[in-house]
Amino acid sequence: MYHSFRFTKGKDLKKEIESYVINNKVSGAILSGVGCLSKLTIRLADGKSILEKAGMFEIVSITGTLSPDGVHIHISVSDEFGNTIGGHLKDGCIINTTAEVILTIFDNVSFKREYDKETGYNELVILNK
């Protein structure tokens, strides 16, 4: 099953995806996402540093696992010079003109997140339905 939607200018990309997943109580993954941002907020690979930048950014890749307990999304964007950067999607990624997102929903499993003391993060737990 697929869910698709378009988010408009000024919306927070992560918050919109999270709201949709929570309100519809779905578990799944991001199949596709395109659009552009006017503000980028990502956590970098060190797991601690947050990068915030204003500008013109094209979404070139977005992927993640989705559950009503939380989402885990990574994004890559390119700037007006074609430089690409990516990381863990945080609140504060503001849509410039549009963001088109397609989710694939799983009927035979559900996802939830539980704290993992080894990683220090809420990690994915897969449950068969």
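Colleague: Which residues does Ser-67 touch, not counting residues up to four places away in sequence?
Modeller: The model is a predicted one. Ser-67 itself is placed in strand β3. Leaving out residues up to four places away in sequence, Ser-67 touches Val-21, Val-26, Ser-27, Phe-111, Lys-112 and Arg-113.

Colleague: Is Ser-67 buried or exposed?
Modeller: The relative accessible area of Ser-67 is 2%. Buried means under 20%. Ser-67 therefore counts as buried.

Colleague: How far apart in space are Ser-67 and Ile-105, C-alpha to C-alpha?
Modeller: In sequence, 38 residues separate Ser-67 and Ile-105. From C-alpha to C-alpha, their distance in space is 9.9 Å.

Colleague: Which residues touch the most other members of the largest nonpolar core?
Modeller: The largest nonpolar core has 26 residues. At least two residues of this core come from each of β1 (2-8), α1 (13-24), β2 (28-43), β3 (50-67), β4 (70-78) and β6 (94-105). Those in touch with the most other members are Leu-13, Ile-17, Leu-37 and Ile-75.

Colleague: With which residues is Ile-17 in contact, leaving aside its neighbours within four places in sequence?
Modeller: Ile-17 belongs to the largest nonpolar core. Once neighbours within four places in sequence are set aside, the contacts of Ile-17 are Phe-7, Ile-30, Ile-62, Leu-66 and Ile-73.

Colleague: How many residues of the lining of the largest pocket are charged?
Modeller: The largest pocket has a volume of about 270 Å³ and is lined by 13 residues. Val-71, His-72, His-88, Tyr-121 and Asn-122 lie nearest its centre, and α1, β4 and β8 (121-128) each supply at least two residues of the lining. Of the lining residues, 2 are nonpolar and 4 polar, and the number charged is 7.

Colleague: In what sense do β7 and β8 pair?
Modeller: Strand β7 covers residues 109-116. Ser-110 has Leu-127 in β8 as its bridge partner. Over 8 bridges, the sense in which β7 and β8 pair is antiparallel.

Colleague: Which residue takes a positive phi in the hairpin of β7 and β8?
Modeller: This hairpin has 4 residues between the strands. The positive phi, near 80 degrees, is taken by Gly-120.

Terms used: Residues are numbered from 1 along each chain as its sequence is written. This is a predicted model: local features need pLDDT of at least 70, side-chain atom pairs count only at pLDDT 80 or more; totals for chains, interfaces and linings use all residues. Side-chain values use heavy atoms; hydrogens and water are left out. A nonpolar core is a set of buried Ala, Val, Leu, Ile, Met, Phe, Trp, Tyr and Cys residues joined through side-chain atoms within 4.5 Å. Buried means under 20% relative accessible area, exposed over 50%, partly exposed in between (1.4 Å probe, protein chains only). Contact means heavy atoms within 4.5 Å. On a 1 Å grid over the protein atoms alone, a cavity is a set of points where a 1.4 Å probe fits but cannot get out, and a pocket is an open set with protein on both sides within 12 Å along at least five of seven lines; lining residues have an atom within 4 Å of a point. Grid points are joined across faces, edges and corners, and a volume is the space filled by probe spheres set on the points. Ala, Val, Leu, Ile, Met, Phe, Trp, Tyr, Cys and Pro count as nonpolar, Asp, Glu, Lys and Arg as charged, and the others, Gly among them, as polar. Two strands pair if DSSP finds at least two bridges between them.
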